[in-house]
Amino acid sequence: MSTTDIRPMRWWDIEPVMQIETRVFDATAWTPAQFWSELAQPTREYVVAEGDEGVIGYAGLFALPPDSDIQTIAVAPSAQGTGLGRRLAEHVMERARERGCGHMMLEVRADNDAARRLYERLGFEQIAVRASYYGPGMDAVIMRCDLHDRGGAR
């Protein structure tokens, strides 16, 4: 059985992260420059999930208390369905609480049912829809969670 560690993302992780990013997000994938910029921001915190085969997932957090956002979460197709997405989400939620944040928001593609169910199980509730956020006809659901009320998990 392999183990998976969650650790801070470093600049040398951008290449393997981009391999996952382009497979998971396709046309809406971030660029390497966007990850470089995110890593340089003091209000951002990114982590990678590393297994025996290397980087298999990552997540990003924006935290400026009392506000926080999940910037991104992605899991390599080979590791999807293993609970890693939940572990990454719980990790950034806990980091937001540790940084003094009281609530968290995120955007998720409206047609990403699996991610929406995961976020609902973690205590997120839909608060709005952003039309064509990810491109023409690709809406985003905006979700919010009270980090103190719900404790981040149900």
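Start by selecting D26, which is exposed, with a relative accessible area of 61%. This is a predicted model, so treat each stop as a feature of a prediction. D26 sits in the loop between helix 1 and helix 2 (32-39). Check its backbone while you are there: phi is near 50 degrees, a positive value in a residue other than glycine.

For a second residue of this kind, move on to S132. Its phi is near 55 degrees, again positive in a residue other than glycine. You will find S132 in the loop between strand 6 (125-130) and strand 7 (140-146). With a relative accessibility of 37%, S132 counts as partly exposed.

One more backbone stop: select P65 and P66 together. A cis peptide bond joins the two, with omega at about 10 degrees. P66 belongs to the loop between strand 3 (54-64) and strand 4.

Now select F25, I73, N112, A115 and Y119. Of the 32 residues lining the largest pocket, these are the closest to its centre. The space inside that pocket comes to about 1,000 Å³. To see what surrounds it, colour helix 1 (14-25), strand 4 (67-75), helix 3 (84-98), strand 5 (103-109) and helix 4 (113-121); each supplies at least two residues of the lining. Which element gives the largest share of the lining? Strand 4 does, with seven residues. If you colour the lining by residue type, it divides into 17 nonpolar, nine polar and six charged residues.

Stay with helix 3 and pick M93, which lies in it. Is M93 buried or exposed? M93 is buried, since its relative accessible area is 0%.

**Aromatic rings**

Next, show the aromatic side chains. The whole structure holds eight aromatic pairs. Zoom in on W11 and W12: their ring centres are 5.5 Å apart and their planes stand at 80 degrees, so the pair is edge-to-face. W11 counts as exposed, at 53% relative accessibility. Then select W30, F35, Y46 and Y58, which ring pairs link into a cluster.

**Charged pairs**

Side chains of opposite charge can pair when their charged atoms come close. In this model the count comes to 10 salt bridges.

- Select E50 and R7, whose side chains meet in a salt bridge at 3.0 Å, N to O. This pair links distant parts of the chain, with E50 in strand 2 (residues 44-51) and R7 in strand 1 (residues 5-8), 43 residues apart. E50 is partly exposed at 29% relative accessibility, and R7 is partly exposed at 21%.
- Select R44 and E38, another salt bridge, at 3.0 Å from N to O. Here R44 is partly exposed, at 22% relative accessibility, whereas E38 is buried, with a relative accessible area of 11%.
- Select R86 and E90, whose salt bridge spans 2.9 Å, N to O. Both lie in helix 3, and because they are four residues apart there, about one helical turn separates them. R86 is partly exposed at 24%, and E90 is partly exposed at 28%.

For the last stop, select E45, R95, E98 and R99 together: salt bridges link these residues in a network.

Conventions. Residues numbered from 1 in each chain as written. Predicted model: local features only at pLDDT ≥ 70, side-chain atom pairs only at ≥ 80, totals over all residues. Heavy atoms only, no water. 1 Å grid on protein atoms, 1.4 Å probe; cavity = no way out; pocket = protein on both sides within 12 Å on 5 of 7 lines; lining within 4 Å. Points joined across faces, edges and corners; volume = space filled by probe spheres on them. Nonpolar A, V, L, I, M, F, W, Y, C, P; charged D, E, K, R; others polar. Buried < 20%, exposed > 50% of the residue type's maximum accessible area, 1.4 Å probe, protein only. Phe/Tyr/Trp six-rings, centres within 6.5 Å; stacked < 30°, edge-to-face > 60°. Salt bridge = Lys/Arg side-chain N within 4 Å of Asp/Glu carboxyl O.
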